[in-house]
Amino acid sequence: MEIKVLGPGCAKCHALEKATREVVQEMGIEATVNAVSDLKEIISYGVLLTPGLVINGKVKASGKVASKSDIKKYIGEEK
């Protein structure tokens with residue numbers, strides 16, 4: 001599973017990345033979590049408000065720090 005956290009590196013972006021990494025560890029799944037700060041790549045997903053959460057190429061959330069329960073739900077949808 002490939003997970004990307006989109007954003008310029010702001011506090012909310014870091015919070016989303018941290019929560020996502022914690023969820024991956026708690027769920028015991030194999031996933032690559034990458035922070036993406038390249039503006040062109042962020043826009044290529046259609047994300048205009050950061051942070052954004054992309055799982056397996058699908059935008060699951062943008063403009064907010066998703067809760068850990070929401071992140072678990074999004075990951076479950078992609079399993």
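Below are some questions and answers about this predicted model.

Q: Why is E17 called buried?
A: The cut-off for buried is under 20% relative accessible area. E17 has 16% relative accessibility, so E17 counts as buried.

Q: Where is E17 found, and in which helix?
A: E17 is found in helix 1, which covers residues 11-27.

Q: What makes V5, V33 and A35 contacts of E17?
A: Contact means that heavy atoms lie within 4.5 Å. Once the neighbours within four places in sequence are left aside, E17 is in contact with V5, V33 and A35.

Q: How do you know that the radius of gyration of the chain agrees with a compact globule?
A: For 79 residues, a compact globule would have a radius of gyration near 12 Å, and the chain has 11 Å, so the two agree. For another view, the C-alpha atoms fill a box of roughly 30 × 25 × 15 Å along the principal axes.

Q: How many of the residues in the chain are buried, as a percentage?
A: Of the 79 residues, 37% are buried.

Q: What pattern does the chain follow along the sequence?
A: The chain reads β-α-β-α-β-β-α, with 3 helices and 4 strands.

Q: What percentage of contacts join residues at least 24 apart?
A: Take the contacts between residues at least 6 apart in sequence: 61% of these join residues at least 24 apart.

Q: How many positive and negative side chains does the chain have?
A: There are 12 positive and 10 negative side chains, and the centres of the two sets are 4 Å apart.

Definitions and conventions. Residues numbered from 1 in each chain as written. Predicted model: local features only at pLDDT ≥ 70, side-chain atom pairs only at ≥ 80, totals over all residues. Heavy atoms only, no water. Helix = DSSP H or I, 4+ residues; strand = E, 2+ residues; numbered from the N terminus. Rg over C-alpha atoms; globule rule 2.2 N^0.38 Å. Buried < 20%, exposed > 50% of the residue type's maximum accessible area, 1.4 Å probe, protein only. Lys, Arg positive; Asp, Glu negative; His and termini not counted. Charge placed at Lys NZ, Arg CZ, Asp CG, Glu CD.
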